[in-house]
Amino acid sequence: MTDTTTPPVSAPASKADRVIIFDTTLRDGEQCPGASMTFEEKLEVAALLDEMGVDVIEAGFPIASIGDFESVAEIARRTKNATIAGLSRAALNDIDRCAEAVKHARRGRIHTFLSTSPVHMKYKLQKEPEQVLEMIVASVTRARNHVDDVEWSSEDGTRTEIDFLCRCVEAAIKAGATTINIPDTVGYTTPSEYERLFRTVIERVPNSDKAVFSVHCHDDLGMAVANSLAGLAGGARQIECTINGIGERAGNAALEEIVMAINTRADVLPYATGIDATMLTRASKLVSAVTSFPVQYNKAIVGRNAFAHESGIHQDGMLKHTQTYEIMTPESVGVSKTSLVMGKHSGRAAFRDKLKTMGYELGENALNDAFARFKDLADRKKVVYDEDIEALVDQGIAAAHDRIKLISLSVIAGTRGPQRATMKMSVDGEVKTEEAEGNGPVDATFNAIKALVPHNVKLDLYQVHAVTEGTDAQAEVSVRLEENGKAVTARAADPDTLVASAQAYITALNKLQMKRQTLNAQSAAG
Ligand code: KIV
Ligand code: ZN
């Protein structure tokens, strides 16, 4: 039973075993439908992960595209502390390409993987187990010819037959793998089973002491974090995870949940990480902004309700003693107490100061741009909250490299249709104006965009919610567009719902444009 008189623990246990935090937001996270990030966005996320204390950043899958290769290489060049990993399949040219991308890193890692479960070997690889073993040895040996730090993953490890898994792990370590990852690729395992798996492999594989064992869990049954922590109990010392738990299908284990579970329950989880937990909220917001994936309101640690106490009984308890309903403080994960901030009389210095306390360090141009948009917002909205400032800064970050920009929009709406939108836009520096009608003001606005930038995409999702409270609250609009099976999501906020709708749609078009360019560059390169 926990000692309830002890204050919530937000510092790692001092003598605890150090766990390596391997973040794969830029690889497994970016791989999920609609979460693609631009080159600049990836660099920004990597810089924040490095500053936050992530030990290993999996920056991408270099063979997947020229864009992926270039972002891994640039992140490798720029990162100050973290090891930079690139993913590669077992093919030798994949591994060579990965080595080429991570070679500029202070510490570079090649992460190579191969399926080992009966179902994957038979249907996906169409190979016999002995052939798979040979491929493991060949791929790890090739990777070790390039770098000293090689990770090998047994894809679909949790559905692999245990004797064969042990043979594969032993062979990978013998060939030079320094980290062995046993992923729960399909999110199928349970905590006790996963713990037992690590215990068994580590006990049975004779050279297991020569490698660090790693967990990598997907959340298909909602157990990714619990499974990851159970893997530690079984002997693993590296956790692969993503910010906000983004990733294939139901996602990966969420980094912020793992770190805070370890920090808050040091009594039963005797581990330590190098993560500065006060940066978790900022990291969550950045990843949400660049991927346009909203964070679920009740998401553990970083959801907007994670520290909100609504019911009378809870509020009463909180006023008497915060520990009645709070197991960790909002400040420990970087949520600042003040939410009422500034108004139209606030100056540039105060604005810069405010951004700093919120964790944003903008360059001079970005600051000027954000300040101009803040002034514009403060003119239209009585009270500007932290959340409003975050929305406008994130929007600025996302829009910095856009080809299509909204200049102005006016809409005639009301009971007597058809509604009519007049829009002015800059497209590749050329200013154009169009008018369009529609079945409602949003439809008229989107039709005006189509008239200015003719395109043929499917609007998959259109969603509106308020960033803060009140009738002058900023509306946050999310849209998802789909073109030839490729989906992008974008978000924008403005006190005017129609302006937010136009901005979100235009941001999504810019993202699609970026995707097309990458694909064209790839096919031109053969
Ligand atoms: O889920 C998985 O198996 C993976 C591997 C490539 C590590 O992401
Ligand atoms: Zn995965």
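Metal donors are taken as N, O and S atoms within 2.8 Å of the metal (3.2 Å for Na, K and Ca), and because water is not among the atoms, sites may look incomplete. The model is predicted, with local features requiring pLDDT of at least 70 and side-chain atom pairs counting only at pLDDT 80 or more, while totals for chains, interfaces and linings use all residues. Residues are numbered from 1 along each chain as its sequence is written, and side-chain values use heavy atoms, with hydrogens and water left out.

The donor residues of the zinc ion (ligand 2) follow the sequence spacing D-x187-H-x1-H, and the coordinating atoms belong to Asp-28 (OD), His-216 (NE2) and His-218 (NE2), at 2.0 to 2.2 Å. Both His-216 and His-218 are buried, where buried means under 20% relative accessible area, exposed over 50% and partly exposed in between (1.4 Å probe, protein chains only).

Rings of Phe, Tyr and Trp (its six-membered ring) were paired if their centres lie within 6.5 Å, planes under 30 degrees apart counting as stacked, over 60 as edge-to-face and the rest as tilted; by this rule the count comes to seven aromatic pairs. Phe-61 and Phe-113 form an edge-to-face pair, with 6.5 Å from centre to centre and 65° between the planes. Phe-61 is buried at a relative accessible area of 17%, and Phe-113 is likewise buried, at 16%. The rings of Phe-446 and Tyr-462 are also edge-to-face, since their centres are 5.9 Å apart and their planes lie at 80°; Phe-446 is buried at 5% relative accessibility, whereas Tyr-462 is partly exposed at 31%. Phe-351, Phe-371 and Phe-374 form one aromatic cluster.

Conventions. Chains lettered and ligands numbered in written order.
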